[in-house]
Amino acid sequence: MQSIEQIRDLIVARFPGAEVTVIQNPGPAAQHSLLLGHAQARDIALFLRDEPSLKLDFCSNATGVDWPEKEIVETTKVKVAQPDGTEKLVEQKTKRLQPGYLEAVYHLYSMALKHGPVVIRLRTGNRTDAVSLPSLTPVWRSCEFQEREIFDLFGIVFEGHPDLRRILMWDEFKDHPMRKDYVEPDDYEWEPTPHDAVLTKAKGHYPAPGSTANAEGGM
Amino acid sequence: MLGSGIIKGLAVTAKNFVGSFHDPERLPTVEYPEKRLTLPEAYRSFPFLVFDGENAIDGLRCVACKMCENECPPQCIYIIPERDEKGRPVKKPKVFDIDLSVCMGCQICVEVCPFDSIKMDQVFEVAATNRFEGLIAHREMLAKSNTYYHQIRPTEAAEVDTRLAEEKRLAEEKAKAAAAAKAAAAAKAAAAPKPVATTAPASATAPAAAPASPAKPAVAAPSPSPSSSSSAAAPMAAAPKPPATTP
Amino acid sequence: MQNEPTSSAPGLAGTPANSSFDILHSPLGSPQQGASVREVNDPFHGDLLEVSMGPHHPSTHGVFRMVATLDGEIIVKLKPVFGYLHRNHEKLGENTTYLASMPYTDRLDYLAGMTNNWAYALAVEKLSGQVATERAEYVRVIVGEMMRIVNHCCLVGFLFNDLGTSFTPLLYAFREREKFLDLFEELTGTRMMYNYQRFGGCRVDPTPEWLAKAKALIDGFPRFLDEYEQFLTGNEIMLARTQGVGRLSPELAINAGITGPVLRATGVGYDIRKVDGYGVYPRFDFRVPIGDHGDTYDRYMMRILEMRESVKILQQAFRDLPAGPIIDPKAKNRGLRPKAGEAYGRIEGPKGEIGFYLISDGSTNPYRYRVRPPSFINLTVLEDMCLGHSVADAVVILGSIDIVLGEVDR
């Protein structure tokens, strides 16, 4: 199978001007991935599926990843002129807000040529209002349920998905539980546990449990 | 011939039906609870704490290091270490609770325990009348003697005992060497010799709860060997291991 | 006719006009065809009926619901509904350490815990660059193939239960399965929740007695299969109920990401044991059974033939099992902190491709922990396979896909 750079070159040759970036995977698995722009993502996916030298006809795994906003603190040493005329090295901290985004990751294999995986990724603009991505279900039907799951658990809206509903959570559910900042609802039910955190939470809902045997442990 | 497949199939059922009267291969059920199968030695249900000697609480091998509490996947273990009058931690658990309604018997606590103090039990008939407190096992309920451990897992317990004895021996040797070195240093300094229990810190590092120094009769824990430790009835092990009866 | 189902092809609504993006549906079971089973001017043409089968229905193998729209007996639309057993397994995995996720993987596909363990161990080994010892790889093959037999025994038994043969075939299969579970209990301590694999090897080493017992059981297993096949495979009722029922075309199967015996029943020879050659599988001589028609009968036969192939693999594994450590002495399990990066590891589970996708940010917990559940994805084509068939057939088709709700819902 071609390397990920060769695949990128194939795509760029077929779609001049397409946004394709290679994302390196520093881990020992070395499964590098291609980041696709939204505009031509579906065409590129179709090309990957049908191109005779690739024939990635099997989309094995589709999943979401949540990358929340991150505050990155960079320390740089700056020379500051002192009042007495000397210069002094001063550490200067600059805070930079790395914008958050949601990501959909697809693992592609070829059943015809028996190679893979080729990993492709799509990223949303942010985590609040620009959360839509083109759906790849029309290219690989195996994404049908998996994209529904991503929509359900991460909140990525797939444009062009035939039946985008919640799949694991119930329809009335509001939040997206797999997001990193998800706060579980405060519907705690008392259970027999000797753990502090749970018992503290329980206090807000119930009078102190009438457990005598547990009193020592619950302190 | 149409129907031959069905007739062939019925012949198999007939064979099994007749066979079940004299072939134990074809009758694999057991009339529980009158008859019971032998449990394999590796069988595991819930964790328990091993103690050496007579006293269940004093003999606990557990030093309240909280390693199992941290590693437990469903977080069902809860430990408070004992403290002496001055508030310093003693290497004993004051509270050791396991929530059996949460425990999934994965035995990761056993794997991570460096002191061989928590082991998997084989009691599977754990019914309680109370849904809440009834299923929280406390320190007293969890403590079971080394003899019991030998009863349910002879091979593994023997291995553990050998290992502990070896570690204890090494610790004692080390302590002796340290004491000798200290004595030598003391003699060299020609100061007033004060051969107090210099073994004490070394014994604290010994994994076994049994004190390394025999000059300390306060906690009379014999060396953890199956012959010397007497059988103290463990609270949860009311029913001894049933004899093996297979049909 | 207002009753006639509109061209509510499950979802051509949102697709773009470009015809190359038409969602692939089975030609045998497109919704339009399902609707035309009866003449519209049939005097007895009644209303369409929406039936909710499940979640508490014995034939759905757990808390699974099928919302079927019926035209008489015939299914014209079917929507699977699940999530009743959802416990956000993936979030649990992100909140625990790498090792602590291992016992949870047993609870995904609880009929085949060992292969879940294996897939997870493989993914973490890929992520952290560890390698299992050779003996451990053989033991993994042994327990993994035994697990496949156990799973297929379960499936075949339940399939006949769904066909209406009340319990006899199921109990014969369970009798055999129980012998395997006893062996697993002896090795790992439990019948189903093994927690056996570790990163870099396995937890305990099988004793020679255990291996001898397992070998004896495997050697006797083909006799059971012969008897079982004599009992069922030629049965005329079974043939009438399964042949031609729930056909799946290879094109749709590939496009919909179907894996495992369901895929191979359509005639696509894709077995990850052969394709990836993970572990020591390339050293074994075995064949991959491939079906012809993609119907329920082929899916049943796939399982029977795979069990026979598993026996072959197991006999070779017992023969070649090398001595050595069961786990790499330098293996890091507790407090594992893999380098930042990601890895996708997959194996051929009994139900299909079970994979784990892990992203590490260098801490003790995975940043992202994703399970690729085979039976969840195999359900994608349930509607396509059921259209045009009766309700009773839908039960059999669902049974032949082999789903476990612990894995579907996670």
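Chain B has seven helices and six strands. The model is predicted. Along the sequence, the elements of chain B run α-β-α-β-β-α-β-β-α-β-α-α-α. Chain B is 247 residues long, and 38% of them count as buried. Of its contacts with a separation of 6 or more, 72% are between residues 24 or more positions apart.

Chain C can be read in the same terms. It holds 16 helices and ten strands. Its length is 410 residues, of which 65% are buried. Among contacts in chain C between residues at least 6 apart in sequence, 73% link residues at least 24 apart.

Helix H1 of chain B covers 4-22. The loop between this helix and E1 of chain B contains B:Pro33. The peptide bond from B:Tyr32 to B:Pro33 is cis, and its omega is near 5 degrees.

Strand E1 of chain B spans 47-51, and helix H2 of chain B spans 67-71. The loop between them carries B:Asp52. Is B:Asp52 buried or exposed? B:Asp52 has a relative accessible area of 3%, so it counts as buried. Its side chain has a partner: a polar contact of 3.1 Å joins B:Asp52 to the side chain of B:Arg61.

B:Lys66 sits in the loop between E1 and H2 of chain B as well. Its phi is positive, about 70 degrees, although B:Lys66 is not a glycine. B:Lys66 has a relative accessible area of 30%, which means that it is partly exposed.

A second residue of chain B with a positive phi is B:Asp116. Here phi is near 55 degrees, again in a residue other than glycine. B:Asp116 belongs to the loop between helix H3 (108-112) and strand E4 (118-120) of chain B. What is the relative accessibility of B:Asp116? The value is 7%, so B:Asp116 is buried.

Turn next to the cysteines. A disulfide is a covalent bond between the sulfur atoms of two cysteines. How many disulfides does a search of the whole structure find? Over all chains, the number is zero. B:Cys65 is one cysteine without such a bond. The nearest cysteine sulfur to it belongs to B:Cys113, 6.2 Å away. B:Cys65 is partly exposed, at 37% relative accessibility.

B:Cys72 has a cysteine sulfur 3.7 Å from its own, in B:Cys76. B:Cys72 is buried, with a relative accessible area of 7%.

The next stop is the contact between chain A and chain C. Chain A contributes 53 residues and chain C contributes 59 residues. The buried area between the two chains is about 4500 Å². Carbon and sulfur atoms give 57% of that area.

Polar and charged pairs also cross this interface. There are 26 residue pairs in polar contact, both residues at pLDDT 80 or more. Five salt bridges are found across the interface of chain A and chain C. A:Arg121 forms a salt bridge with C:Glu342, and their closest N and O atoms are 2.9 Å apart.

Which elements of chain A give two or more residues to the side that touches chain C? They are helix H2 (41-50), strand E3 (58-67), strand E6 (101-110), strand E7 (115-123) and helix H3 (143-154). E3(A) gives the most, with nine residues. By class, this side of chain A has 26 nonpolar, 13 polar and 14 charged residues.

Helix H3 of chain A deserves a look of its own. H3(A) is mostly covered, and twelve of its twelve residues are buried. Among them are A:Cys143, A:Phe145, A:Ile150, A:Phe151, A:Leu153 and A:Phe154. The buried residues of H3(A) also include A:Glu144, A:Glu147, A:Arg148, A:Glu149 and A:Asp152. A:Gln146 is buried too. Just after H3(A) comes A:Gly155, with a positive phi of about 85 degrees.

How values were computed:
Residues numbered from 1 in each chain as written. Chains lettered and ligands numbered in written order. Heavy atoms only, no water. Contact = heavy atoms within 4.5 Å. Buried area = accessible area lost by both parts, 1.4 Å probe. Salt bridge = Lys/Arg side-chain N within 4 Å of Asp/Glu carboxyl O. Polar contact = N/O pair within 3.5 Å; in protein donor to acceptor, adjacent residues only side chain to side chain. Helix = DSSP H or I, 4+ residues; strand = E, 2+ residues; numbered from the N terminus. Nonpolar A, V, L, I, M, F, W, Y, C, P; charged D, E, K, R; others polar. Buried < 20%, exposed > 50% of the residue type's maximum accessible area, 1.4 Å probe, protein only. Disulfide = S-S within 2.5 Å.
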